[in-house]
Amino acid sequence: MKTILWFGVTFLLLLGVVLYFFHDETDFLQTFSSNPKLEDVNTVYKVDVEVYPDKKTAKAYMKIFTKNDTGRKQDKIYFQVLANKFSDLDKLTSEAWRDFLGPHPEPGGLGFTKITVDGAVTDFKFNDTMLEIPIDNWEENETIELTMEFDINVPFNEGTFSYTEDNIFFANWLPTRTVYEKDGWYMNEFQPIGDPGYNEPADYFVSVTVPKEYHIATTGIEKSAPIEYETKKTYEFEAEKVREFAMCVMDPKYRVKSEEVDGITLRSWYTPDSEESYEIYHSAAKNAFEHFNQAFGENPYDEFDIVPGPKTFTGMEYPGMTVVNSNHYNSGESYFISTIVHEIAHQWWYAVVGNHPIEEPWLDESLTNYSTLQFLKEHYPELASYHSGRYQEITEQLPELSKNGQSISTPTSGFPNDELYAALVYGVGSQMFNKLEEEIGVKKMNEALAHYYGNNRFTFATKDDLLDSFRKVVGPQTETYFNQWLRNNPVEFEDVK
Ligand SMILES: [Zn+2]
């Protein structure tokens, strides 16, 4: 009797296992039609991750289809594992890293247990944040299939991949294929100043399992209602043509307000503490989507999440999502509107029109900050004059700020600290666009920016692409205007005519 019962239980368990894998395999086949075409993107990521919020850990399995579009045969591929910058904190001793980490950092990162290429287990090696995987004869236009298994230990610091008492922030956490530039694979070292994410658009299909009572906001959109188990639930997210897949795992007290705006579902997350003030930001965000859609061209994403984040930075942009300082929520101050609007403008300048965030950070940051100012002038004029006054003051300090050679167009690695980076790129850089707008008018300005947006969607734009749009729409003298400002000579537009 005992034996038979045991056999029966074993049989049912085995059947369950077989059905589970059959289900999983079917799901994979449906998602990829066995092999994705890779026409619009060169890489498709399928991720299965389970998050353990109590332990601040997770376990992930990743399947990656990637095409050799480098124009030559390759014998290896590189992935950026920026999360592993935090595995040995003793190496991060510069002033900028000390600021980034804060006073009580804890290490974290990804521990890889297995990597395969086209079904065969492979060796791999790390050089700081770069993961190198050998590939046998990777021919041009050939697609390979990699799998990766890894454990995630969420670090604690004042940056974007970290946690608070009620929220875990997964940013720059998944391995991503590094960018192949004209000189070869780009070795992303992760600079502590500016944004480290330098990725081509890719498609993501991500399944996330969390304890039943937790909430999730991500870059993607939910494919269907979560599948509920006894103590857990599994969400399936999809995100097409995005430069990264970010995610927040929030504890049960979080609530969300969801609203359709110009074809986008805007989701504002808040806690009981911020219930009274979050509406101010939600309505500013709503107006911002309408304003920028009209000014620069339609944003292609379907959903946008605003999540209260750590109190250590003002805000951080991701495709389809932003994390903003939760302290400001509790204050309910109108000043904070600028942060939300800035992160939304990044959906145009960063998420859709990409640029090299380390070499040319001004290209999205100065333009994003100017776009914010343009919005504020129309909707919050008092805030706008506060900010433009500040940018003008900073511009007048340019001789002092630039005495060691930095300018608006210095790469992030060329700045000693965040203060100088912010003053030049966010302050002087915004004023460069703002002063031009004062001369040519907002209508002409937006014609040039809509041209730039339309011509550079889902690429990495450069300074030349931006100048090209202004040359064509406004006139050839804009080139001299921008070049003078970028060389620390803030000229008036009428003087370069
Ligand atoms: Zn920004």
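What follows is a short exchange about the terms used for this predicted model.

Colleague: What makes residues 1-33 a stretch to treat with caution?
Modeller: The mean pLDDT of the protein chain is 91, and 93% of its residues reach 70 or more. Over residues 1-33, however, the pLDDT is below 50. Where pLDDT is low, the predicted coordinates should not be read in detail. Beyond near neighbours in sequence, residues 1-33 have six contacts in the model.

Colleague: Why is asparagine 293 called partly exposed?
Modeller: A buried residue needs 20 or more other C-beta atoms within 10 Å, and an exposed one has 12 or fewer. Asparagine 293 has 17 C-beta neighbours inside 10 Å, so it counts as partly exposed.

Colleague: Where is asparagine 293, and which residues does it touch?
Modeller: Asparagine 293 is in helix 3, residues 278-296. Leaving out residues up to four places away in sequence, asparagine 293 touches Asp262, Glu298 and Asn299.

Colleague: How do you know what span to expect of helix 9?
Modeller: The expected span is 1.5 Å times one less than the number of residues. Helix 9, residues 418-440, has 23 residues, so 33 Å is expected; from first C-alpha to last it reaches 32 Å, close to that value. Glycine 441, with a positive phi near 90 degrees, follows helix 9.

Colleague: Which residues have the most contacts inside the largest nonpolar core?
Modeller: That core has 123 residues, and those with the most contacts inside it are Tyr204, Val208, Cys248 and Ile340. Helix 9 gives the most to this core, with nine residues.

Key
Residues numbered from 1 in each chain as written. Predicted model: local features only at pLDDT ≥ 70, side-chain atom pairs only at ≥ 80, totals over all residues. pLDDT = per-residue confidence, 0-100. Contact = placed C-beta atoms within 7 Å. Helix = DSSP H or I, 4+ residues; strand = E, 2+ residues; numbered from the N terminus. Core = buried A, V, L, I, M, F, W, Y, C linked by C-beta atoms within 7 Å.
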